[in-house]
Amino acid sequence: MPRVHPVGAPGGEETKADTDVECWYAQFLKRSGALPVLVDHLPDGTCVPWTAAELRARVDEIGAVALPLPLDYPEERLRDIAAKAGAAQIVESVDALLSSPKPPPRAPPPAKRSRDYERNPEPYREPLERVLDWGEINAQDGHDEVERTVQAARCMDCGTPFCQTHTGCPVNNLIPEFNSLVYQDQWRQALDRLHQTNNFPEFTGRVCPAPCEGACVAGLVDSPVTIKNMEYSIVERGFAEGWIVPRVPEVRTGFSVAVVGSGPAGLAAADVLNQAGHKVTVYEREDRPGGLLMYGIPNMKLDKDSVARRIDLLSEEGIEFVCNAEIGVNVDVDVLRANNDAVVLATGATVPRDLPVPGREGKGIHFAMEFLTANQKRLLMTKEGTLESTWDRDTFVTAEGLDVVVIGGGDTGTDCIGTSMRHRCKSVLNFELMAMPPDARSPDNPWPEWPKVFGVDYGHAEVAAVFGKDPREYGVITTEFVLDDDERVKAVRTSDAKLGPGGVELIPGSEREWPADLVILAMGFVSPELTVPRQLGLDTDQRDNIRAEYGDYRSSLEGVFAAGDCRRGQSLVVWAINEGRGAALKCDEYLMTRSNAQVLSSM
Ligand SMILES: Cc1cc2nc3c(=O)[nH]c(=O)nc-3n(C[C@H](O)[C@H](O)[C@H](O)COP(=O)(O)OP(=O)(O)OC[C@H]3O[C@@H](n4cnc5c(N)ncnc54)[C@H](O)[C@@H]3O)c2cc1C
Ligand code: SF4
């Protein structure tokens, strides 16, 4: 994209330094109350013969805000943006701006960029349409680029971008920077900024709950910027334009690292270590890499082609993936250690929380992952027409024609609801132990914390559209599974519950019975599996997670690191990426220190 050479740094001395367009128009935009004027023709490549003071004076005189645009904006798009920005006039160059007539007054003048435009998230497909297939819920024909530019323009360039502090984005994405670049139509640079902090924006852009938006400063007075959508648009444009290509490291260090587990933590660690020049092999016990990205989060939220697309890239960059390799079971963990200079454990937290109430042993009661993983394997088999994904007909759990009860809210519960809907269940209910959250933040949940408020996720919207009612029942505790003569579940008994001083209290007389032929337990995960930690003799914490300090990632065994859910407990994709990156840096540091020590000792 062309760079302009404005004269003078914003608000400072006239330095004649090269500056991005952003620097100086941002100053003008902050003069709220002025009329916007779009300048579609900026001098490219050379300094222009006017000074910032002259320009500022002229802009003040005509009461305008100048929105300069790069040279190659097509006229139609320019006019569109002008209309959306409410521009009073379009001038063809900065010189023209200097000599342009005063535009007619407009009332009320825009106060701030963020408040001039409404938040307009990218649309999902209609619930009644999407529930008939396994395609992504994101509409393929989302916003056009003009609307994306407008949404980017809502970012206020606030003094302290809380969206990238500790209450916001866990990978510290450079959010105001990429918004600003999109606003200037510099998508490729925006992609570079995004990849600086996030190895896999195509995953977070789809599945991240976006704590950044909860911490967005615009959200204090208005609706937050559509940050997650922006991330998705930038990375998908990067793929569409062919900007994302394999980056094969030019230099290799001679060190080899084994990464155990190929979820987002393992993939991020592998990516960083490979780019640092180490030989990386990722071991995965499933038949495909991706961890919960592949076999947990369903297609509707994260299409498996986009997972495979990234894994293909990583393979082309030199990472080796070994599937059907369960460390500690069919691959000896000591051999693995002996054959590698370091090991990163990223095995996830896969032990599910159970519900030991009477009748739990009955047929038709399953953990969420038994339901979701088998479904995913069947879908992949259907798509590819092969049995490569080891789909097992006997263990496949269908919700077709059944009264389904999903116990537990959260992402996993919603995914079980969405999957049941696509199986054409007869009905679906979702029990949540906690009380219904408020519609707005409560006083003990202030901005910029994650807002604990009532929301409608995709699965809830689908149930409401098909059956006319949200599936959630709040403040409900399951007390018994009622079984028929064949030991199959036929109903769920519950009691209403509330939080008292001693914990959860049952409300007498509130017992109810709900018909159910399929019960799915989606109450979270208690810990990682302990096979590998036990075989290696690793220290674990009081929750059975592998003990390694956050930010340090070293386990109790030299050369063995731990990252992601197996270290921090069940969390989010974005946290797994954060930890995978961090563990890789510490692992690299460890290897390079060893390398230096070897050099020194040989001298
Ligand atoms: C149903 C569901 C939906 C979710 N939805 C969201 C969401 O929408 N947004 C979000 O941010 N987060 C979501 N999460 C959470 C998110 O998926 C996890 O926090 C994240 O995947 C953790 O990444 P990880 O790499 O630590 O572990 P995982 O993704 O669990 O990957 C661990 C991998 O290690 C492999 N493994 C384990 N032991 C061994 C061994 N001994 N040898 C070889 N391989 C082994 C496993 O097979 C697995 O592939 C969801 C979780 C679930 C269960
Ligand atoms: S990764 Fe998540 S928290 Fe970070 S910017 Fe993207 S949507 Fe926001």
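Tutor: What follows starts at the open sheet and then turns to other parts of the chain.

This is a predicted model, in which local features need pLDDT of at least 70 and side-chain atom pairs count only at pLDDT 80 or more, while totals for chains, interfaces and linings use all residues. Residues are numbered from 1 along each chain as its sequence is written, chains are lettered from A and ligands numbered from 1 in the order in which they are written, and side-chain values use heavy atoms, with hydrogens and water left out.

The open sheet is formed by 5 strands in the order β9-β17-β10-β11-β12, and their pairing is parallel; strands are DSSP runs of E with at least two residues, helices are runs of H or I with at least four, and both are numbered from the N terminus, while two strands pair if DSSP finds at least two bridges between them. At the edges lie β9 (365–367) and β12 (472–474), each of which pairs on one side only. From one strand to the next the twist averages 20 degrees, where axes are lines fitted to C-alpha atoms, for helices over the stretch in contact, and angles run from 0 to 180 degrees between N-to-C directions. Strand β11 (residues 427–432) pairs with β12 in the parallel sense over 3 bridges, and N430 stands opposite R472 in β12. Helix α19 (residues 410–422) packs on the sheet, where α19 touches β10 (403–407), β11 and β17 (518–521), and its direction makes about 170 degrees with that of β10; contact here means heavy atoms within 4.5 Å.

After α20 comes G468, whose phi is positive, near 80 degrees.

Strands β13 (residues 476–483) and β14 (residues 489–500) run antiparallel and are joined by 7 bridges. The bridge partner of I477 is S495 in β14. Their hairpin has 5 residues between the strands, and in this hairpin E487 takes a positive phi near 65 degrees.

Elsewhere, helix α8 (residues 175–183) is largely enclosed by the rest of the structure, because 8 of its 9 residues are buried. Among the buried ones are F178, L181 and Y183, and just after α8, D185 takes a positive phi of about 65 degrees.

Leaving aside residues up to four places away in sequence, V344 touches several residues, including V257, F561, A583 and C587.

A583 is also one of the residues touched by A563, which is found in the loop between β19 (560–562) and α22 (565–568). A563 counts as buried because its relative accessibility is 1%, and A563 and E579, 16 residues apart in sequence, are 5.2 Å apart in space, C-alpha to C-alpha.

Key. Buried < 20%, exposed > 50% of the residue type's maximum accessible area, 1.4 Å probe, protein only.
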